[in-house]
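Open the model in your viewer and follow the stops below in order. Each stop says what to select and what is found there.

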Amino acid sequence: MAYGGIEAGGTKFVCGVGTGPDDVVVTRFPTRDPASTLADVVGFFTRRMSQGDRIDAIGIASFGPLELRPERSGFGRIMRTPKPGWSGVDIMGAIGDAFDVPVGLDTDVNGAALAEARWGAARDVRSSLYLTVGTGIGGGAIVDGEPIHGLVHPEMGHVAVDRAARDAFEGRCPFHRDCLEGMTSGPAIAERFGAPAEALVGPERDEARRLVAWYLASGLRSLVYAVAPERVVVGGGLSHLPGVIPRIRVALMDRLGGYPGLVEHSRAGFVVPAELGDLAGVSGALLLAERAARGR
Ligand code: ZN
């Protein structure tokens, strides 16, 4: 079996054909209006198939929010989004109408979480929590190979956090102001310092790292208690701040306060960086295709 994968992002679409991160050929398109962007995507797969590529199913790991309840009339559509023109777009239908193969859909974050669990930083555990910290903050939990869903996909970036000492930033989440994403997304850090975190040096970089570690540890306390993962995988732009991952782990240990006293929480391998980099999303989309081919 071979699959098509689409990582649908707010600034770019990544399309690939293959079976996993070590066997995928990808092409990237800038995200434009829905009709032009989806035409680019359909054109890509049409060309690959005409060149002899086999595609048994296509998976889409998309920005959201998404309607993922099959019984709903809006199933497979992007729900109300601030991204101009994209609210209500039937992304799953557009691909399903163009190609006579099963189509799978989930969030970009759940896609990346699935890929890290299959091939990346959580490949040797049964349960993991993946958090991406970049333009926004999102998270997915994988248990025995299945991403957790309920009414909708989880919105882990919007959990409440405790304010860090000496931090007067009001927060920039339009819904909650000072939730996890509001306090420590890439733009939240950049707004405090007047420059993105990766451009900071010296004491300012140290302070940015302190804030990122504090807020992620604070949010992860709730998430770790609620989901009980064997491993936490952190990806996204801010995960590349030098030394931030061990600091998150130490700060999380501190926030857990010794409860429930699991030795696993104290191990260096409990909080680790993502391994698949910019192939995580499209690799996850290939897994969504694989699941669709199996009728899941
Ligand atoms: Zn929020």
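Select the zinc ion first: its site is tetrahedral, with angles of 102 to 123° among the four donor atoms. Four donors count as tetrahedral if all angles lie between 85 and 135 degrees. The ideal angle for four tetrahedral donors is 109.5 degrees. This is a predicted model, in which local features need pLDDT of at least 70 and side-chain atom pairs count only at pLDDT 80 or more, while totals for chains, interfaces and linings use all residues. Residues are numbered from 1 along each chain as its sequence is written, and side-chain values use heavy atoms, with hydrogens and water left out.

Now show the side chains around the zinc ion. Its protein donors are H158 (ND1), C173 (SG), H176 (ND1) and C179 (SG), at 2.1 to 2.4 Å from the ion. Donors here are N, O and S atoms within 2.8 Å of the metal (3.2 Å for Na, K and Ca); water is not among the atoms, so sites may look incomplete. Along the chain, the donors of the zinc ion have the spacing H-x14-C-x2-H-x2-C. H158 and H176 both lie in the loop between β8 (146-147) and α4 (180-184), so this pair ties together parts that are 18 residues apart in sequence. Helices (H or I, at least four residues) and strands (E, at least two) are DSSP runs, numbered from the N terminus.

Buried means under 20% relative accessible area, exposed over 50%, and partly exposed in between (1.4 Å probe, protein chains only). H158 is partly exposed at 22%, and H176 is partly exposed at 40%. C173 is buried, at 7% relative accessibility.

Select C15 as well: this cysteine is buried, with 0% relative accessibility. How many disulfides are there? The count is zero, a disulfide being a pair of cysteine sulfur atoms within 2.5 Å.

Move to L288, in helix α8 (residues 280-293). L288 is buried at 4% relative accessibility. Leaving aside residues up to four places away in sequence, L288 touches G59, I60, A61, G104, L105, D106 and L114; contact means heavy atoms within 4.5 Å. R255 is 33 residues from L288 in sequence and 35 Å from L288 in space, C-alpha to C-alpha.

Last, select helix α1 (residues 34-50) and helix α2 (residues 91-98), which pack at an angle of about 35° with their axes 11 Å apart. Axes are lines fitted to C-alpha atoms, for helices over the stretch in contact, and angles run from 0 to 180 degrees between N-to-C directions. Where they pack, L38, V41 and V42 in α1 meet I91, A94, I95 and A98 in α2.

Methods: Four donors count as tetrahedral if all angles lie between 85 and 135 degrees; four count as square planar and six as octahedral if opposite donors are over 155 degrees apart and all others between 65 and 115; anything else is irregular.
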